[in-house]
Amino acid sequence: MPVICLENASKLYKSEDKKDKRKHYAVRELNVTIEQGEFVFLIGSSGAGKSTMLKLLGGEISPDEGAVLVDSVNIARYFGPWKARLARTFGIVSQQTLLIRKRTIMENLMVAGRASGMQRKSKAAAEKALGLVGLPNVGECFPAQLSIGEVRRVELARALVSSPPVLLLDELTANLDDDTIWDIIHLLHELNNRGTTVVMATHASQYVNIMRRRVITLVDGKIIGDVQNGKYGDIV
């Protein structure tokens, strides 16, 4: 099962000001090891670097400095079938929806299943994933027919289709009501108990405090706190 490490990982971005030639860091010198089966909350203000850190962990982007390792292998060295295997390692929910508007929910999930290498069993896997998130009857609906909370749960189902060992979740519970957030947190707790690694960027402080899991705090692209059994705002 995968162990993920960031080793002095930094990501640069270009300033919108063409006259500004300085290096700007989205994240800088991140050193983190996430063991299989952990539940980790990433917290920090908007722009602190949480989304960038998640994208580095999942191999969506590459560091400009340092390295990202999965089971001690630098993911920059993954290619061909190894790249496909890496993609199957992670179930990802981004802040922006990845659902295709003109396809039904079932079609969306089957596309995700086939992209992860599932062919014959993609429909069965999609049905199972929708059942897990409590939406077994929305398969024939289109995304626009669902509420915001339902869409976010479908996006979680999409991430679960291939039963990945690691979930990377970016503000999954943003703008949702308390009952929906609690349902999602409860599901993630159950998945984690079965061995799935969960790394979740969130502003939902009350649920972080209830769960008391590992809490990593970012400020201005740097990790200033990494606390086991932590609460929102803990840095030591």
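## A helix pair and some local details

Helix α5 passes helix α6 in a right-handed crossing. Please keep in mind that this is a predicted model.

**The α5/α6 pair**

- Two packed helices are described by the angle between their axes and the distance between the axes.
- Here, α5 spans residues 148–160 and α6 spans residues 178–193; their axes come within 11 Å and cross at roughly 15 degrees. Because angles under 35 degrees count as roughly parallel, α5 is roughly parallel to α6.
- On the α5 side, the contact is made by G149, R153, L156 and L160. On the α6 side, T180, I184, L187, L188 and L191 take part.
- Sorted by class, the contact of α5 with α6 has six nonpolar residues, two polar ones and one charged one.

**Around T196**

- T196 sits in the loop between α6 and β8, the latter covering residues 197–201.
- Is T196 buried or exposed? With a relative accessible area of 13%, T196 is buried, because buried means under 20%.
- Leaving aside residues up to four places away in sequence, T196 touches Q36, G37 and E38, along with P164, P165, V166, L167 and L191. One of these, L191, is also among the α6 residues in the contact with α5.

**Aromatic rings**

- The structure holds two aromatic pairs.
- F39 and F41 form a tilted pair, with 5.0 Å from centre to centre and 50 degrees between the planes.
- Both F39 and F41 are buried.

**Helix α1 and the residue that follows**

- How many of the eight residues of α1 are buried? The answer is six, so helix α1 (residues 50–57) is mostly covered.
- The buried residues in α1 are K50, T52, M53, L54, L56 and L57.
- Just after α1, G59 takes a positive phi of about 75 degrees.

- Most residues other than glycine have a negative phi, and most peptide bonds are trans.
- S72 is not a glycine, yet S72 has a positive phi of about 70 degrees. This serine lies in the loop between β4 (65–70) and β5 (73–74).
- S72 is exposed, as its relative accessible area is 69%.
- N229, also not a glycine, has a positive phi of about 50 degrees. Where does N229 lie? N229 is in the segment after β10 (222–227).

Definitions and conventions:
Residues are numbered from 1 along each chain as its sequence is written. This is a predicted model: local features need pLDDT of at least 70, side-chain atom pairs count only at pLDDT 80 or more; totals for chains, interfaces and linings use all residues. Side-chain values use heavy atoms; hydrogens and water are left out. Axes are lines fitted to C-alpha atoms, for helices over the stretch in contact, and angles run from 0 to 180 degrees between N-to-C directions. Helices (H or I, at least four residues) and strands (E, at least two) are DSSP runs, numbered from the N terminus. Angles under 35 degrees count as roughly parallel, over 145 as roughly antiparallel, 65 to 115 as roughly perpendicular and the rest as oblique. A crossing is left-handed if the near helix is turned anticlockwise from the far one by less than a right angle, and right-handed if clockwise. Contact means heavy atoms within 4.5 Å. Ala, Val, Leu, Ile, Met, Phe, Trp, Tyr, Cys and Pro count as nonpolar, Asp, Glu, Lys and Arg as charged, and the others, Gly among them, as polar. Rings of Phe, Tyr and Trp (its six-membered ring) pair if their centres lie within 6.5 Å; planes under 30 degrees apart count as stacked, over 60 as edge-to-face and the rest as tilted. Buried means under 20% relative accessible area, exposed over 50%, partly exposed in between (1.4 Å probe, protein chains only).
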